[in-house]
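Thank you all for making the time this morning. I would like to take you through one structure, so please have a look at the sequence and the model first.

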Amino acid sequence: MKLLIINPNTSASTNRRIEAVARPVMSISDTLEVVSAKSGVKFIETIEQSNQTKSAILEKIRKKSSSVDGIIIAAFSDPGLMEAKKISLCPVVGIAEASMKIAQGLAERFAIITLGSQFSHTIQQNAIKYGTAKNLVEIKILPWSVLEVSNNLSSYQREFTKACKTLISEQRVGAIIVGGGPLSGIAATIQDKLPIPVLDGVQSAVKIILKLCRERNAV
């Protein structure tokens with residue numbers, strides 16, 4: 001399978017993290033391209049910035065969807081996802097969409113940990129669209145900027161672990177999603193400290209898109 005992951009921001013370091021977490025759940029014969037928006041913001045921090053990425057995402061999809069088997073939009077607000085599904089010639093998934101659907105399959109109650117104080121309502125509305133809202137019991141927005149955490153992921157692992165443990169004890173969740181392309185890799189580093197599945201948005205999306213592609217090719 002040939003996959004394209006669109007990172008809606010301009011951060012090259014995020015591209016490297018996305019590729020690093022995506023490849024372990026792909027087979028040797030699968031190929032992967034990770035691309036950023038040509039221009040815009042380095043990290044998406046607000047709803048306005050998220051919305052501004054839609055045109056660039058849709059442009060990439062128009063150009064690329066005929067030459068790949070599947071496309072992933074790697075921002076946790078899933079910008080432009082519904083429009084992308086309509087115009088794409090191949091399956092398209094968002095990292096929030098994919099991780100919520102996998103979490104719903106793993107647990108009756110799941111939670112999301114992410115960054116960006118403006119995004120709680122957007123994530124909740126998307127959960128309704130995806131049919132996962134009844135299982136999503138809390139969206140925990142941690143109090144740092146994406147830039148702060150992305151620049152030094154290892155320094156924040158303890159805080160992410162602590163937040164997960166609080167959700168487990170207070171909300172009795174059976175799965176937690178760490179949401180956001182720039183946060184790729186955190187889930188794996190804290191998983192062994194927690195008794196429930198911790199999902200990475202990008203890895204979840206790769207698993208879902210590969211399944212969709214194989215089902216499509218089998219028809």
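This is a predicted model: local features need pLDDT of at least 70, side-chain atom pairs count only at pLDDT 80 or more; totals for chains, interfaces and linings use all residues.

Residues are numbered from 1 along each chain as its sequence is written, and side-chain values use heavy atoms, with hydrogens and water left out.

Let me begin with the cores, where a nonpolar core is a set of buried Ala, Val, Leu, Ile, Met, Phe, Trp, Tyr and Cys residues joined through side-chain atoms within 4.5 Å. Buried here means under 20% relative accessible area, exposed means over 50%, and partly exposed is in between, with a 1.4 Å probe and protein chains only. The largest nonpolar core has 50 residues, and I5, M100 and V206 are those with the most contacts inside it. Helix 10, residues 201-218, gives the most to this core, with six residues; helices (H or I, at least four residues) and strands (E, at least two) are DSSP runs numbered from the N terminus. A second, separate core has 23 residues, including V149, L167, V178 and I196.

If we take contact as heavy atoms within 4.5 Å, and leave aside neighbours within four places in sequence, the partners of I5 include I18, L32, I72, V202 and V206.

Now to the helix pair. Two packed helices are described by the angle between their axes and the distance between the axes. Helix 5 (residues 95-106) and helix 6 (residues 120-130) pack at an angle of about 60°, with their axes 10 Å apart, the axes being lines fitted to C-alpha atoms over the stretch in contact, and angles running from 0 to 180 degrees between N-to-C directions. The contact is made by A96, E97, M100 and K101 of helix 5 together with I123, A127 and Y130 of helix 6.

Within helix 5, K101 is partly exposed, at a relative accessible area of 39%. Beyond its neighbours within four places in sequence, K101 is in contact with Y130 and T132, and the C-alpha atoms of K101 and T132, 31 residues apart along the chain, are separated by 6.7 Å.

Lastly, some backbone angles. Most residues other than glycine have a negative phi. D78, in the loop between strand 3 (70-73) and helix 4, has a positive phi of about 50° although it is not a glycine, and at 5% relative accessibility D78 counts as buried. R172, in the loop between helix 8 (153-171) and strand 7 (175-178), has a positive phi of about 55°, but at 58% relative accessibility R172 counts as exposed.
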